[in-house]
Amino acid sequence: MTSLPLISVDPDARGRRPAMPPRHLADLDLPGRQALVAELGEPAFRAKQVSNHYFGRLVRDPAQMTDLPAATRERLAGTLLPTLLNPVREMACDDGATRKALWRLHDGSLVESVLMGYPDRVTVCISSQAGCGMACPFCATGQAGLTRNLSTAEIVDQAVYLAGVAASGAVAGSPPRLSHVVFMGMGEPLANYARVVAAIRRLVAPAPEGLGLSQRHITVSTVGLVPAIRRLASEDLSVTLALSLHAPDDELRDELVPVNQRWKVSEVLDAAWDYADTTGRRVSIEYAMIKDVNDQPWRADLLGRLLAGKLAHVNLIPLNPTPGSRWDASPKPVEREFVRRLRDAGVSTTVRDTRGREIDGACGQLAAAEDRDSDPRAATA
């Protein structure tokens, strides 16, 4: 029997369930919100009004909810819209087209989100967990371990907040409306399955139920939790599956993506192809290019053979090194040769646009930097 690497656990935390945040309207469907409002002695339609402010107008300040009676605004907003994300740092680069936010949650956990503006779209990358338990050694979040799953509303609130930033016109040269969401921030989305699927349903439902995004503009990343991939295929959703493969052979993937010790490359790809067959959606194969580790020509050829003829696209990712890491990005000539070999095999391939290097762009870097800055031991380390 194989085993996954152990993540260190605070012995004082054993036996304690992580404290979840207060209930928020994004945790509930519209009937659930109406029931909550009724408990306050208010008419049920108030739930729709508050939901319209939050999802439709991207407003959470009670003073701006002038269609609500002044005497009940604060109470309704306080019950339905408790503060979930407390800004710690917000940083921008790429002439303001990339904006990264670090949030502190109610229990002190740190999570990150990124807003990326392009001429034709605005994308947010959101987190689904505080930390990550998958232990991929080249990932800053994986090095930190898992703190807890995020609630549905904590996931959704990242997108709604950054949709408001986009709507303010802060991302010059981009449309003022959020159009795409990728679950590629901190955490393994499919390890927080129920809340992530609920968050997707909020994101795609029209206002006042949700944010009104297209299902086809939602991407869910996974390291390859096979049962969850198969379950997602049965959800009647048209979201894109992004498989973080990073190696085409089991020997190396066992090291780079430790969950491969449980579900091997062939099993993960079979589940991905079944997802593509069920949904009609092309699978994105994520592949971080790591110098002298997974960038050899023979690995490109092997990957090409595995993917040839499949409904798949390879997204090569120049590694964004984390401080103190032994991993580094592949040289550009090596990257170009890798691309050439995949395309010669008939596999659609692109290289991801590198954003945010100067603002700790790799997932988990900003949280790790905040932890170092706030740890009094760091000054004497």
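The model is predicted, so local features are taken at pLDDT of at least 70 and side-chain atom pairs at pLDDT 80 or more, while totals for chains, interfaces and linings use all residues. Residues are numbered from 1 along each chain as its sequence is written, and side-chain values use heavy atoms, with hydrogens and water left out.

Overview. Helices (H or I, at least four residues) and strands (E, at least two) are DSSP runs, numbered from the N terminus. Of the 381 residues, 53% are buried, meaning under 20% relative accessible area with a 1.4 Å probe, protein chains only. The accessible surface is about 16600 Å², and carbon and sulfur atoms hold 50% of that; the areas come from the Shrake-Rupley method with a 1.4 Å probe. Take the contacts (heavy atoms within 4.5 Å) with a separation of 6 or more: 68% of them link residues 24 or more positions apart.

**Close-up 1. Arg33 in helix α1, residues 30–39.** Here's a buried arginine with no salt bridge, which would take a side-chain nitrogen of Lys or Arg within 4 Å of a carboxyl oxygen of Asp or Glu. The nearest side chain of opposite charge is Glu209, 4.3 Å away (Lys and Arg count as positive, Asp and Glu as negative; His and the chain ends are not counted). The Arg33 side chain does have a polar contact of 3.0 Å with the side chain of Ser51. A polar contact is a pair of N or O atoms within 3.5 Å; within protein, one must be able to donate a hydrogen and the other to accept it, and residues adjacent in sequence count only if both atoms are side-chain atoms. Beyond four places in sequence, Arg33 also touches residues including Leu25, Phe55 and Arg202.

**Close-up 2. Glu188, in the loop between β7 (180–183) and α6 (193–204).** An unreviewed UniProt entry lists Glu188 under "binding site", along with Gly187, Ser221, Ser244, Leu245, His246 and Asn320; such annotations may be inferred rather than shown by experiment. With a relative accessible area of 3%, Glu188 is buried. Its side chain makes a 2.9 Å polar contact with that of Thr222. Among the other residues Glu188 touches are Ser128, Cys132 and Ser221.

**Close-up 3. Leu245, in the loop between β9 (240–244) and α8 (250–256).** Leu245 carries the "binding site" label in the UniProt entry too. Leu245 counts as buried because its relative accessibility is 0%. Leaving aside neighbours within four places in sequence, Leu245 contacts Arg253, Val257, Ile285, Glu286 and Leu303.

Definitions and conventions
Buried means under 20% relative accessible area, exposed over 50%, partly exposed in between (1.4 Å probe, protein chains only).
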